[in-house]
Amino acid sequence: MNELFTRVRGEGPVLLMMHGLFGSADNLGGIARILEEDFRVISVDMRGHGRSPHGGDISYPHMAADAARVLDAHGVDSAFVFGHSMGGKTAMQLALSYPERVSKLVVGDISPVAYPRHHERILEGMKAVAAAAPGSRAGAEELLAPYVDEPEVLSFLLTNWRRREGGDAWGWRLDLDGIVKDYQNLMAGNEGAPYAGPVLFLRGGDSDYIQPSHREAVLALFPAAEVRTITGTGHWLHAEKPDLVARTIRKFLLG
């Protein structure tokens with residue numbers, strides 16, 4: 001796997017940021033623009049997403065190794081790390097597999113447990129759009145809308161439907177076939193020796209991704225973990241309350 005696409009903003013201690021499934025570095029732009037006042041923020045497009053290479057296995061051990069290589073490429077021995085959802089699982093695996101690379105860890109609305117499959121309809125719809133290959137985002141929306149119940153999720157997914165570079169054809173700016181093939185890997189839990197460093201789990205108050213029943217699994221891998229609930233937010237807490245989330249991250253990392 002070649003180097004991931006990265007965007008670097010700001011000066012200060014390094015903060016590596018990783019987005020969730022179907023996303024890109026752009027999705028974390030709201031909090032990155034705030035945090036760059038205090039940190040050198042390195043935002044990545046994860047493998048199989050955005051401008052990073054497509055192809056290859058998509059799994060948390062592979063993506064954690066990608067993240068370690070990003071730090072190597074930027075000459076960083078140890079960094080603060082934030083990840084949301086899939087990026088949070090990757091951030092946790094980075095801390096478990098390469099603990100010396102993670103100074104402090106912030107996890108956005110995800111636990112280190114295995115989750116049931118729950119994106120089948122979305123993937124079915126995205127495959128239908130790919131097969132029809134409409135030449136506009138509006139055309140993609142018409143095809144995808146019957147498969148997606150939440151308008152904000154539909155809008156989020158459609159940011160990936162783009163004109164391909166150097167031509168008139170349109171397509172998904174992510175490795176849809178690879179995500180379908182390795183989907184079970186993306187629902188898997190994290191594994192490894194416990195990470196003893198400071199960890200903050202940020203939970204969306206209206207989200208069910210972090211549940212009380214996960215407490216034992218969280219503390220088994222991250223014995224120093226604490227959980228903070230961001231009230232009035234769902235799974236995309238960083239997009240719904242970027243100022244509050246960024247302030248909470250800053251206080252934890254610099255405290």
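## A serine in a loop, and its surroundings

Author: Let's start at serine 24, which sits in the loop between E2 and H1. Helices (H or I, at least four residues) and strands (E, at least two) are DSSP runs, numbered from the N terminus. Before going further: this is a predicted model, so local features need pLDDT of at least 70 and side-chain atom pairs count only at pLDDT 80 or more, while totals for chains, interfaces and linings use all residues. Residues are numbered from 1 along each chain as its sequence is written, and side-chain values use heavy atoms, with hydrogens and water left out.

Is serine 24 buried or exposed? With a relative accessible area of 5%, serine 24 is buried; that word means under 20% relative accessible area, with exposed being over 50% and partly exposed in between (1.4 Å probe, protein chains only). Leaving aside residues up to four places away in sequence, serine 24 touches His19, Val44, Asp45, Arg51 and Arg173, where a contact means heavy atoms within 4.5 Å.

The loop running from strand E2 (14–18) to helix H1 (29–35) also holds phenylalanine 22. This residue isn't a glycine, yet its phi is positive, at about 70°. For background, most residues other than glycine have a negative phi. Phenylalanine 22 is buried too, at a relative accessible area of 3%.

Alanine 133 is another non-glycine with a positive phi, about 50° in its case. You'll find alanine 133 in the loop between helix H4 (120–132) and helix H5 (137–144). With a relative accessible area of 40%, alanine 133 counts as partly exposed.

Now for the rings. Searching the whole structure turns up six aromatic pairs. Rings of Phe, Tyr and Trp (its six-membered ring) pair if their centres lie within 6.5 Å; planes under 30 degrees apart are stacked, over 60 edge-to-face, and the rest tilted. One of them is tyrosine 115 with tyrosine 209, a tilted pair at 5.7 Å centre to centre and 40° between the planes. That pair links distant parts of the chain, 94 residues apart: tyrosine 115 is in the loop between strand E5 (102–108) and H4, and tyrosine 209 is in the loop between strand E8 (199–204) and helix H9 (215–221). Tyrosine 115 counts as buried at 13% relative accessibility, and tyrosine 209 does at 17%.

Then there's tryptophan 161 with tryptophan 172, an edge-to-face pair at 5.1 Å centre to centre and 75° between the planes. Here the partners are 11 residues apart, tryptophan 161 in strand E6 (residues 161–163) and tryptophan 172 in strand E7 (residues 170–172). Both tryptophan 161 and tryptophan 172 are buried. Elsewhere, ring pairs tie Tyr195, Phe201 and Phe222 into a cluster.

Stepping back, the protein chain comes to 11 helices and nine strands. Its radius of gyration is 18 Å, close to the 18 Å that the globule rule gives for 255 residues, so the chain is as compact as a globular protein of that length; the radius is taken over C-alpha atoms, and the rule is 2.2 Å times the number of residues to the power 0.38. Of the 255 residues, 53% count as buried. Among contacts with a separation of 6 or more, 76% come from residues 24 or more positions apart.
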